Amino acid sequence: MFSFFRRQPKLSQAERYAQATQFQLTWWRFRRHRVAMVSGVIVALFYLVAVGADFLATTDPHATDARTSYIAPQPIRLFEDDGSFQPYVSGLKGVRDPKTFKLIYTVDPSRHVPIQFFGHGYSYSFLGLDTDVHLFSLKTPERGDGIFILGTDQLGRDVWSRLIVATRVSLTIGLVGVTISLFLGVLLGGVSAFYGGMVDTVIQRVIEVIRSMPTIPLWLGLAAALPNDWSVTQVYFSITVIISLLAWTDLARVVRGKFLALREEEFVMAAELAGASSGRIIFRHMLPSFLSHIIAAVSLALPAMIISETSLSFLGLGLRPPAISWGILLQDAQSIQSLALAPWLLAAAVPVILVILAFNFLGDGLRDAADPYG
Amino acid sequence: MITFIVRRLLLGLFTVWLISMLAFAIIQLPPGDFVDSYIANLAAGGASVSADEANAMRKLYGMGQPIYVQYGKWIVRVVAGDLGESMEWRRPVAEVIGDRIWLTLLLSFAALLVTWGLALPIGIFSAVRQYSVADYIFTLIGFIGIAVPNFLLALIILYAAFRYLGLSVGGLFSAEYALAPWTWDKVKDLSWHLPLPAMILALSGTAQLIRIMRANLLDELRKPYVVTARAKGLSEMRTILKYPVRAALNPFASNIAYLFPYLVSGSIIISIVLGLPTVGPLLVRALIAQDVYLGGAIVLLLGVLTVIGTFISDLVLMWVDPRLRHQMD
Amino acid sequence: MAEPILSVRDLHTEFVANEGIIRAVDGVSFDVFQGRTLGVVGESGCGKSVTARSILGIVERPGRVTGGQIILRPADGPPVDLLKLPAKAMRDIRGPEIALVFQEPMASFSQYYTIGNQIMEGIRLHLGLSRRAARDRAIELLDMVGVPQPSRRVDEYPFQLSGGLRQRVMIAMALSCDPRVLIADEPTTALDVTTQAQILDLLRDLQQKQGLALILITHDMGVIAEMAHDVAVMYLGRAVETGPVGEIFSAPRHPYTRALLRSIPTVLAKPRTRLPTIEGSIPHPSNRPTGCAYHPRCLEIIDERCRAQEPPETGAATTRIRCFLHGGAA
């Protein structure tokens, strides 16, 4: 703060360390944690994709087309036959099966469909603006043509576009769920630690009870009870609430533990003796000290949320089509028959694993950094 | 010590009661009247139900009475061993579930053993040889174990086995034993099929426990009592196994109590992928088809068995930790 | 005087840390005689405990002994250099020849085994007694160190005992294999004053009865005055002054020893005067001052030599000192 008004003398490393705020110390330690830094960047990229999902998608993720059923992944070629730079994909052609007379679509390597950047595709709304600009799209598509980087599913929908749009749903469900859990966790953990006694005992027992129940059967049961005619949004929020109802306990334990430990600290005692109000003690002195712990706990809770949603939707009891999430995409890959026919349907496994790994490393790094003196 | 057991027991009963409420909620939540749907379902199958029979059934389930009366009637019947009727299978729920509940428990317990059997030695090794190549490899495997949800792992293994080995993994029995009555050969067949799903189910828990064991043991290795043991002239191996490992075992053991519900949960989902004859596929199907009594009964059974499992591991923990035993004296 | 049981010569122990190599013990030498107590004194961090662990060969990674000799003269057989012994033979030294008593009796016991179990372990290993005989011996030892109701206490866990009792049990455990050298590392620091006195009495008693050679590590000059025959004053990994306790207390020569002695509170001092303290604080071993390590705090620093050169060890057969001013000619 002071630095706005007068230049601070150059500080030695030790002095800088001694004068740093808790947040600065955490940040310095975190920066030294390479893997966690990289993971942080990966997580940030994932959320960027979630924000700009429609822009990155190439085809309407809901548009079905029986003719493009189970098309294998199509590579994008960067150079035309004459060597000039012009990315293109091969078009499709219909061939009639000589026995069944059914029209089957296969790749036609002779027909090149050029790709354009910032071209027009299906319309969507971005931050309230209606637009149809996409990062890349086909210049002169015929019916059935598409950029199938990751192939198509049984209904002929583009897996890449669905994957990108699913990222938004799966990642936000984690965020919303963690927000609810955090609210419950901080509230109940804080109340438990602050009042102690009977209140504490009851809350602690409830936490133990919740932790000793097998969660998936309960989630399944509750999720199955959601009415069939609910809209996608209603189901989305209900599933989030169901997941967070059983997930807040870890956060509550962290909050309570830290709260109790901090209450015994000398600086809290000092603030009390100096006559600070309990509100001031909690928000000015205690909260900054365990904020970083909460951030760390949150970044470890997020992947658990994402796994929960993915599992529920995978079993057909979470989000329901037409919603698109990683779990719903993986549902298509549930049987060995469909996997044998179209192994690319397993593509959604990659972002799931990547994001969970990144969140775990990030959370670990944050947790280590949260104890700057430790 | 007695207080501890009594407290755990009361907590367990409280949990069971809560689970029974939840199971009942699962039965009640779907819209409509169970008896009406059941009769309609029977009628669709060509069987007819007389008005008297319908009324008797209504009375049995307490239809039209306050919700707590219905709950009371249900719980009394459950305690007496009557879990209700399965709408879809048109048979008593207990009959439909049959062996499956035991196979679920067997799978979860096998996964628990695998978790223990792997996490303990690997955790000890990683801590004692901290920062060795093997430690890094185990840490990496650990991270993969944590990051790959077990149903995804099952899917990937299923696909890999099919694609590269031409094998169809899955199931707990070979085709000829699946419906056969229990014989020694069937048990032998089961013991062949059990390890793979148990290992898949155990991986993420193992990964977490390795990390816990390693961190605890690293803490314990720095404690003065380790120096005391060395100063007595014990060999390094004996020192480590008798003292710090023993101390690190404690938080490890208390994590087992929370591992069991987690494994039971996981068994549901991997059973669906691997086609295992546990209650998992049954539960999901019952819930999707709104076969309420079957779904409710499975949730209740799994909950109760988990509570029993947790209680047993609490007792083990108490037996292991002298401080817990003497605290209440 | 008889030959020393244990002679430490120019012992060096180093730790590899982020800041570089830390020389925790940097050329310590002293002798320990049968039936006599050597008091090793110094501020915290001067390398006292590391010296003790170096003697037993239980310095933990990333530390290791890098030089010197530790000569033990067993009752039967020729002298051995402990630093050259193979691991297996060294394990047979720990317990029957040299034993250790620690600062924190609570943390020094495992909470998961009864004290009997922990005492019997060494007995069975080194003396090869049966379980029953080992147990009888454990009870006997507990009785010897003044634990009441030893046959009942033997089956109790450390957390069921008071701090003073725990330290007695610790001593019993150390004596279980009849060692000839006992190292007591701050044995009374964690105890209250009356218990401290009892434990010190017990140690002195046992020493006289069994003719032990005792190395008593402490930061408390009062304990030294009461217990020790000989003293080694340590500063930053070195013994700066060694000699018989009488000579050192009556005529301390090294400025550090003098400063330590000045800072003992005494009832004879004029009331409400400041207790003299040593200016400054002990430097971090990685940041060791050049020349005489004590020079930044020394009140009697003489010239550039103190800053630039390390004073060699000089002096007569009994008292030895590292100081340019008081050590006389090199």
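The contact between chains B and C takes 17 residues from chain B and 23 residues from chain C, two residues being in contact if their C-beta atoms, placed from the backbone, lie within 7 Å. The model is predicted: local features need pLDDT of at least 70 and side-chain atom pairs count only at pLDDT 80 or more, while totals for chains, interfaces and linings use all residues. Residues are numbered from 1 along each chain as its sequence is written, and chains are lettered from A and ligands numbered from 1 in the order in which they are written.

On the side of chain C that touches chain B, α2 (87-93), β6 (98-101) and α3 (115-127) each supply at least two residues. Helices (H or I, at least four residues) and strands (E, at least two) are DSSP runs, numbered from the N terminus. The most comes from α3(C), with four residues. This side of chain C divides into 11 nonpolar, seven polar and five charged residues; Ala, Val, Leu, Ile, Met, Phe, Trp, Tyr, Cys and Pro count as nonpolar, Asp, Glu, Lys and Arg as charged, and the others, Gly among them, as polar.

Two pairs of chains touch, and the most contacts are between chains A and B. Chains A and C are joined by no contact, and their closest C-alpha atoms lie 14 Å apart.

Chain C contains 11 helices and 12 strands. Its C-alpha trace spans about 65 × 50 × 45 Å along its principal axes. Among contacts in chain C between residues at least 6 apart in sequence, 62% join residues at least 24 apart.
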